[in-house]
Amino acid sequence: MSTLAGHIATARLPAAHSFVSGALCHGGGREFATSHPGDGTWLATVQEATPEFGDAAVREAAAAQPAWAATSPHQRARVLRAAADLIEAQSVRLAHLVTLDNGKTLAEAYGEVAVAAAHLRAAAGWAATLEGSTFPADGGTLRMTFREPVGVVAAIIPFNTTLVFAAQKAGPALAAGNAVLLKAPEVSPLAAPVFAGLLTDAGLPPGLLQVLQGAGEVGRRLAEHPAVTMVSFTGSTAVGRQVMRSAADGMKRVLLELGGKSANIVYADADLDAALHATVGGIFRNAGQRCFSGSRLLVEEPVAAEFTARVVELARSIRVGPPFDPDSQLGTLISAAEATRVHVMVQEAVEQGAKVLVGGEPPDGAFYAPTVLEVAPVNPPDIVYQEVFGPVLTVQRFSGAEQAVALANDSPFGLVGGCWTRDLDRALTTARRVRSGYFWINSYGALALDAPIGGVGLSGVGRELGRLGHEAYTETKTVIIDTASADAPRWY
């Protein structure tokens, strides 16, 4: 048995790839193959969900949701915690499945499994703690608000961390009493149905978490379906616009976490050792396929040459190799086509004046080496404004905080950002002035699963995680009780 065959056996690939009525099943539509990005090995043939199949899944979700909403929030929390336990208990299987499905290194896949379990535990913690409110008595009425589930949520997730986003969306939605229809990413379809199966094994009643396979048309039908009341989408800005348009006619609630082109600012007084490793990890982890990658490095002039040279040296030392090789530090992009697309963007940047400091060679299949481009702060190439979604870092120099903030804000995106400095006043001023929904100080990528994350501008609408992110899956209802005496004057 080959090494890859052993990994496939460990992953226990699902026999079917949609998940409806509490069981794996086939969607009945167009067939498409999925393969391991590392070497192109065929893994499975997946059936897309037909319109009829999808409609039936939505109807079942809508029928199951009221009883779940009436279930004690403590019981919902127990199911989510049990599911987190199952995910951790099956971490070896799931990590192998993620690496086969996605091409990231096995070490990164184990991290994804751990974060997915943490998301479910966090959601369980909010199930019984989301609060309404009461207002000061006015002598004639008692006024209060309740939080109620929105109903049926279509969750459309990306390929880069399928398990994480499945948990990040399904966890809060289920905790609040909703039903969820999860549209799996076409290019990494295997993890989502296994995730749904673990929720069912943990006690989630059938119909409350359905998984549909297919391309964008399946997601569009979900976003337009009259029984779907909310669409939660993570992906590119271009597709996010389409989702918003599809949801508009039904006046559905939308939650969109979209693209990013985030700035990581290194001031001259920073701890350069700490900044170095966080900067390199912030762009090259998961082969740069993260919406919050720190893809724009801004370095203050006095340390720019030294720090850039150290970034280049560390990037050059990263071991790119087979995802299951324990010595590999960076695996593949999701496909050879994506690696080629990234390389074309790098070539165009060079033609527009960028200087390649490391990397930039043609891809080897789906592998693309860490690449650093030095660009001018004035009239930079287009790549400074475009989300690459690959292991490509641009470097620009600046002089002073004013220029740093101006460069950071010179982008249509506004997802995350970060800065490095020992000056607390400068750090907080930079954090306040950089246009983003999330900002790190003396870090780039520190996890905070209980804090809301989301973007502004082309980076999205709404927030996920934390209280705000969990409240996003609820409706607020105001209830007024008339407490005035029967003979009190009334205007109605």
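**Exercise 1.** Determine which helix gives the most to the lining of the second largest pocket.

*Solution.* Helix 5 gives the most, with five residues. A pocket is here an open set of points on a 1 Å grid over the protein atoms alone, where a 1.4 Å probe fits, with protein on both sides within 12 Å along at least five of seven lines; lining residues have an atom within 4 Å of a point. Helices (H or I, at least four residues) and strands (E, at least two) are DSSP runs, numbered from the N terminus. The model is predicted: local features need pLDDT of at least 70, side-chain atom pairs count only at pLDDT 80 or more, and totals for chains, interfaces and linings use all residues. Residues are numbered from 1 along each chain as its sequence is written, and side-chain values use heavy atoms, without hydrogens and water.

Next, helix 5 (106–127), helix 6 (162–175) and strand 19 (438–441) each supply at least two lining residues. Of the 26 residues in this lining, Val115, Val164, Arg290, Phe292 and Leu447 lie nearest the pocket centre.

**Exercise 2.** Describe the lining of the largest pocket.

*Solution.* Begin with the centre: Phe233, Thr234, Gly235, Ser236 and Val239 lie nearest to it, out of 32 lining residues. Two or more residues come from each of helix 8 (216–224), strand 10 (230–234), helix 9 (237–248) and helix 12 (336–351). Helix 9 gives the most, with six residues.
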